[in-house]
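Hi everyone, thanks for making time.

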Amino acid sequence: MPKNIIQHTITTLVENRPGVLARVSGLFARRGFNIESLAVSITNDPSISRMTIVVNGDGNVLEQITKQLNKLIDVIKVIDYTDQPTVERELAMIKVNAETKNRAEIMQIVDIFRAKIIDISEKTFTVEVTGSVAKIDAIEALLESHGIQEMVRTGKIVMMRGANG
Amino acid sequence: MKITGAQALIRSLCNHGTEVIFGYPGGQILPIYDALYDCEDVQHILMRHEQGAAHAADAYARATGKVGVCFATSGPGATNLVTGIANAYMDSIPMVAITGQVRTTSLGKDAFQEADITGITMPITKHNYLLKNPKDIARVIAEAFYIASTGRPGPVLVDVPMDVSLAQVDYVPVDKVELRSYKPTIAGHPIQIAKAAKAIAAAERPVIYAGGGVISADASEELVELAERTNILVTTTLLGKGAIPETHPHSLGMLGMHGTAYANYAVAHCDLLVAIGARFDDRVTGKLDAFAKKAKVIHIDVDPAEVGKTVHVDIPIVGDCKKILIELLKHIRPREESTWNKQVMQWKTEYPLKYTNDGELYPQFVIEEIWDVSKGDAVVVVDVGQHQMWAAQYYKCTFPKQFITSGGLGTMGFSLPAAIGAQVARPDKAVFNIVGDGGIQMTIQELMPAVVHKLPIKIVIMNNQYLGMVRQWQELFWNKRYSSVDLTAQPDFIKLADAYGAVGMKIEKPEDVRPALLKAMEIDDRPTVMDFRIAREENVFPMIPAGQSIEEMMLHRPKIK
Ligand SMILES: Cc1ncc(C[n+]2csc(CCOP(=O)(O)OP(=O)(O)O)c2C)c(N)n1
Ligand SMILES: [Mg+2]
């Protein structure tokens with residue numbers, strides 16, 4: 001990545017209403033930013049949704065986007081988790097080729113990554129794995145050699161470490 | 001007692017002080033127009049194009065400080081509003097636009113005259129609503145007014161499906177709005193204010209740079225007080241004109257691309273720049289790293305997203321300009337007039353605004369005559385182009401909300417409908433509409449409502465038979481390749497005025513200017529269209545070419561080598 005371009009993880013708490021996602025993503029799109037991952041769901045307060053957005057970009061431009069996000073009427077709070085002590089998780093399901101001769105090896109990989117096989121067919125395993133983005137990247141790379149049929153990742157979610165929100 | 005959603009909507013508008021609506025009806029907004037038919041508290045002005053309705057509401061807001069309201073039907077009516085909404089958004093003007101929409105059951109089905117107007121206007125509104133539940137009408141209208149008029153003002157659109165207008169509802173007025181996600185900062189941080197006061201006391205070469213935010217915050221009085229007590233000279237942006245009377249000895253007029261040379265010199269050499277309600281637009285700054293490069297910058301603005309957006313700010317103060325200036329003034333001691341001011345005044349004598357005097361009809365002369373005839377007291381509504389810059393340079397504003405023009409978007413065609421909004425808002429003032437021969441043709445149809453409502457708008461067409469501003473750029477930067485700027489083919493504006501029922505006049509000689517203007521000042525029951533045949537290839541100077549610095553400022557037409 002060119003200098004100044006770093007990966008940011010931004011979380012927004014928003015009103016749980018139609019159209020809010022379009023408003024938020026529009027601010028990125030208008031500046032030509034690609035959203036690397038996006039996870040949206042309700043929070044413990046069902047009237048509030050939480051969006052976790054991962055994007056690569058120039059710090060100054062992102063600061064401007066963060067300020068603009070704050071200005072959206074439906075946005076309650078914006079937190080930039082970049083450089084903050086956080087716990088992060090992502091979940092992936094990976095459908096991997098599993099011929100009889102490969103099954104043992106795949107099961108070993110699954111074991112090491114504390115993943116789970118959640119579906120099985122004559123030719124495939126479907127593996128569920130949770131962890132940091134890096135961990136999921138790693139298991140993906142290992143399973144790749146067996147041939148991945150299909151993969152879906154939820155996108156990263158994060159929380160601050162410790163008692164503070 | 002139950003009433004219809006449309007009636008609830010009209011009542012809600014009245015409840016928030018709406019006295020005038022500019023609009024255009026159609027199928028999906030029919031229930032709302034039907035409810036309006038019975039309402040005696042609101043005047044509706046039928047424009048001849050929805051763009052005109054938006055511009056009129058926008059200018060009504062600029063002239064009064066109140067929220068402007070416009071109506072349009074769904075689909076093409078709503079899309080015709082778009083330019084007007086974008087215009088209000090760029091200049092932070094409080095406006096509420098109500099659009100009809102197809103029934104909620106037809107949404108997203110490409111029903112007749114359906115357009116996703118909330119989607120279309122998302123990036124050009126401060127906020128918008130698709131009002132799907134009739135129960136929400138009073139609350140949504142209350143929120144729309146609150147959002148439009150507080151913090152950094154802006155347009156809000158409310159899209160109302162037909163079945164919502166037709167529904168039966170219990171109307172309960174909503175006056176108080178509480179939004180957990182929208183809390184504009186009002187008071188400035190006291191520590192920042194104290195820092196700013198210190199910086200002002202310590203500065204040797206300070207300048208104030210005031211923008212439209214001063215006018216929308218009603219902070220002119222405080223601005224003038226600050227300038228007088230500290231003897232700091234003030235330059236304003238195009239939208240800031242009138243924030244300090246330009247007849248005031250401390251006023252330097254406008255800065256930027258076509259600003260006065262002395263205002264730009266002052267900013268280039270100052271050691272403290274106090275920016276108030278201004279956003280460092282590229283038409284003001286030119287080349288960013290050369291802008292006020294010796295200066296410490298104080299930035300007072302209601303919008304936190306403006307702070308540090310393009311220019312590094314040393315002392316940001318976020319909040320309402322008026323409240324901040326009131327607090328700041330508590331810390332400010334009188335300062336003596338310094339040698340710095342003398343230096344700037346010297347520049348003022350050395351590099352005054354000037355134009356040729358050779359018997360031809362010059363636009364600058366026309367503006368000076370308008371100023372004279374109107375005693376500097378007219379509301380001046382100005383279009384976009386060369387004439388806009390001449391008006392900004394030569395019409396010395398004496399009060400806030402006097403100078404109404406499209407700044408941020410630069411919308412040709414804004415001014416005639418805007419003049420309608422302004423004259424409706426200010427029946428007590430002479431309203432001059434200064435417009436190009438190009439711009440007037442973009443919204444000429446709005447002569448009709450001006451005639452219908454007997455609005456004595458004085459329309460000054462600065463007729464150079466060119467898209468003059470574009471021609472100027474072609475002359476200076478594109479080798480005089482005058483591609484598609486010739487407007488010699490144009491209607492006879494006198495006959496056109498006559499056709500609409502307005503008064504038409506053609507003025508070709510300098511000595512005919514004043515009699516024509518005086519005659520226009522006499523007419524009080526219809527618009528006057530004055531076709532001023534000005535020197536065709538006159539240019540606007542000074543000029544700092546786009547993206548360049550004061551070193552590249554041109555004071556006059558380059559001499560041919
Ligand atoms: C809607 C719109 N279209 C195009 C432009 C680009 N533009 C800026 S100034 C200008 C020329 C305006 O000509 P005229 O109205 O005759 O005014 P003049 O510059 O001659 O005073 C044009 C085409 C614009 N600002 N707005
Ligand atoms: Mg012209």
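Let's start with chain A, whose accessible surface comes to about 9,100 Å², with 52% of that belonging to carbon and sulfur atoms. Accessible areas here come from the Shrake-Rupley method with a 1.4 Å probe, and for residues only the protein chains shown count as cover.

Before I go on, some ground rules. This is a predicted model, where local features need pLDDT of at least 70 and side-chain atom pairs count only at pLDDT 80 or more, while totals for chains, interfaces and linings use all residues. Residues are numbered from 1 along each chain as its sequence is written, chains are lettered from A and ligands numbered from 1 in the order in which they are written, and side-chain values use heavy atoms, with hydrogens and water left out.

Back to chain A. Chain A has 4 helices and 9 strands; helices (H or I, at least four residues) and strands (E, at least two) are DSSP runs, numbered from the N terminus. If you follow chain A from the N terminus, the elements go β-α-β-β-α-β-β-α-β-β-α-β-β. The C-alpha trace of chain A spans about 55 × 40 × 30 Å along its principal axes. Chain A has 165 residues, and 42% of them count as buried. Buried means under 20% relative accessible area, exposed means over 50%, and partly exposed is in between, using a 1.4 Å probe and protein chains only. As for contacts, meaning heavy atoms within 4.5 Å, take the ones in chain A between residues at least 6 apart in sequence: 74% of those join residues at least 24 apart.

Now over to chain B, and the metal. Which residues are the protein donors of the magnesium ion, ligand 2? They're B:Asp437 (OD), B:Asn464 (OD1) and B:Tyr466 (O), lying 2.1 Å from the ion. Donors are N, O and S atoms within 2.8 Å of the metal (3.2 Å for Na, K and Ca), and water is not among the atoms, so sites may look incomplete. In sequence, the donor residues of this magnesium ion follow the spacing D-x26-N-x1-Y. B:Asp437 sits in the loop between β17 (431-436) and α18 (447-452) of chain B, and B:Asn464 in the loop between β18 (458-463) and α19 (468-477) of chain B, so the pair ties together parts that are 27 residues apart in sequence. Buried or exposed, what are B:Asp437 and B:Asn464? B:Asp437 is buried, at a relative accessible area of 1%, and B:Asn464 counts as buried too, at 4%.

Next, ligand 1. It has 17 residues around it, and the closest are B:Gln386, B:His387, B:Gly410, B:Gly439 and B:Gly468; a residue is near a molecule or strand if one of its heavy atoms lies within 4 Å of it. Look at the oxygen atoms of ligand 1. One is 2.8 Å from an N or O atom in the side chain of B:His387. A backbone N or O atom of B:Tyr466 is 2.9 Å from an oxygen atom of ligand 1, and for a backbone N or O atom of B:Gly468 the distance to an oxygen atom of ligand 1 is 2.7 Å. On its own, ligand 1 has 580 Å² of accessible area, and the protein covers 76% of that.

Where does the shell around ligand 1 come from? α16 (386-394) and α19 of chain B each supply at least two of its residues, and α19(B) gives the largest share, 3 residues.

So let's zoom in on α19(B). It is largely enclosed by the rest of the structure, because 7 of its 10 residues are buried. Those are B:Gly468, B:Met469, B:Arg471, B:Gln472, B:Gln474, B:Glu475 and B:Leu476. What covers the buried residues of α19(B) includes α16 of chain B. Just past α19(B), B:Asn479 takes a positive phi of about 60°.

In α10 (residues 220-230) you'll find B:Leu223, which is buried at 0% relative accessible area. Leaving aside neighbours within four places in sequence, B:Leu223 is in contact with several residues, including B:Ile208, B:Val234 and B:Leu325. In α15 (residues 363-373) there's B:Gln364, which counts as buried at 3% relative accessibility. Not counting residues up to four places away in sequence, B:Gln364 touches B:Tyr355, B:Trp390, B:Tyr394, B:Glu538 and B:Asn539.

Key. Polar contact = N/O pair within 3.5 Å; in protein donor to acceptor, adjacent residues only side chain to side chain.
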